[in-house]
Every structure is written in structure tokens, then in C-alpha cells.
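Please examine the structure below together with its sequence.

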Amino acid sequence: MKWIEVRMMSKDELANRRWMAIPGHIRKKLEGNVFCRNCGVTTIIDYIVGSENHKTVLEGRCEKCGAAVARLID
């Protein structure tokens, strides 16, 4: 009997792979089109990539004021 090694990916790894599969110039546009409750449209900085309901989510801070912001990528 031959054993097959199965590598499991966490949701965050999968979300990160989906995020990195998006072309760089599109990722930059998405990073620069985030809503902040204080500043309006802003750029997200210091973000982490996660997932929620099978969608990619960026969670980070507003470049202008430092408030918490998030961006859903579906």
C-alpha cells in the first residue's frame, strides 16, 4: 500500500495564495481603494490577509489617520 502525503493549508494560507494570485497592479489598486470612517477613501497599510465566508479580507490601518480599516475582496 502506498501512502500519499497530504498537505493541509490553513484558511489564511489559502487566502494569502488567492491574494498573491491577483496581479500586482490590481493589488495596488485594491490597497488604495479602502474606506476609512474618518478619512473616506484611503490606502490600507500594515495589513494582514485573512478569509471570511470564502472571501479574502485585508485588515489593517488607514494610511492617513491610523484607524482600523478592512477591505473585502470577492
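The structure holds zero disulfides, a disulfide being a pair of cysteine sulfur atoms within 2.5 Å. Cys 36 is in no disulfide, and its nearest cysteine sulfur, that of Cys 65, is 3.7 Å away. Cys 62 is likewise in no disulfide; for this residue the nearest cysteine sulfur belongs to Cys 36, at 3.8 Å. This is a predicted model, in which local features need pLDDT of at least 70 and side-chain atom pairs count only at pLDDT 80 or more, while totals for chains, interfaces and linings use all residues. Residues are numbered from 1 along each chain as its sequence is written, and side-chain values use heavy atoms, with hydrogens and water left out.

**Cysteines and burial**

- Cys 36 is buried, with a relative accessible area of 1%; buried means under 20% relative accessible area, exposed over 50%, and partly exposed in between (1.4 Å probe, protein chains only).
- Cys 62 is buried too, with a relative accessible area of 1%.

**Nonpolar core**

- The largest nonpolar core has 13 residues, and those with the most contacts inside it are Trp 19 and Val 69.
- A nonpolar core is a set of buried Ala, Val, Leu, Ile, Met, Phe, Trp, Tyr and Cys residues joined through side-chain atoms within 4.5 Å.
- Two or more residues of this core come from each of α1 (11-21), β1 (34-36), β3, β4 and β5 (68-73); such helices (H or I, at least four residues) and strands (E, at least two) are DSSP runs, numbered from the N terminus.
- Leaving aside residues up to four places away in sequence, Trp 19 touches several residues, among them Leu 30, Tyr 47, Val 49, Leu 58 and Ile 73; a contact means heavy atoms within 4.5 Å.

**Salt bridges**

- Side chains of opposite charge can pair when their charged atoms come close.
- The structure holds two salt bridges, each defined as a side-chain nitrogen of Lys or Arg within 4 Å of a carboxyl oxygen of Asp or Glu.
- Lys 28 forms a salt bridge with Glu 31, with the closest N and O atoms 3.6 Å apart.
- Both Lys 28 and Glu 31 lie in helix α2 (residues 24-31), three residues apart, which is about one turn of the helix.
- Lys 28 is exposed, with a relative accessible area of 59%, whereas Glu 31 is buried, with a relative accessible area of 11%.
- In the other salt bridge, the side chains of Asp 46 and Arg 61 meet at 2.3 Å, N to O.
- This pair links distant parts of the chain, with Asp 46 in strand β3 and Arg 61 in strand β4, 15 residues apart.
- Arg 61 counts as partly exposed, at 35% relative accessibility.

**Backbone angles**

- Most residues other than glycine have a negative phi.
- Asp 46 has a positive phi of about 45° although it is not a glycine; this residue belongs to strand β3 (residues 44-52) and counts as exposed at 57% relative accessibility.
- His 54, also not a glycine, has a positive phi of about 65°.
- His 54 lies in the loop between β3 and β4 (55-62) and is exposed, with a relative accessible area of 76%.

**Confidence of the model**

- The chain averages a pLDDT of 87, and 85% of the residues score at least 70; pLDDT is the predictor's confidence in each residue, from 0 to 100.
- Over residues 4-9 the pLDDT is below 50, and this stretch has four contacts in the model beyond near neighbours in sequence.
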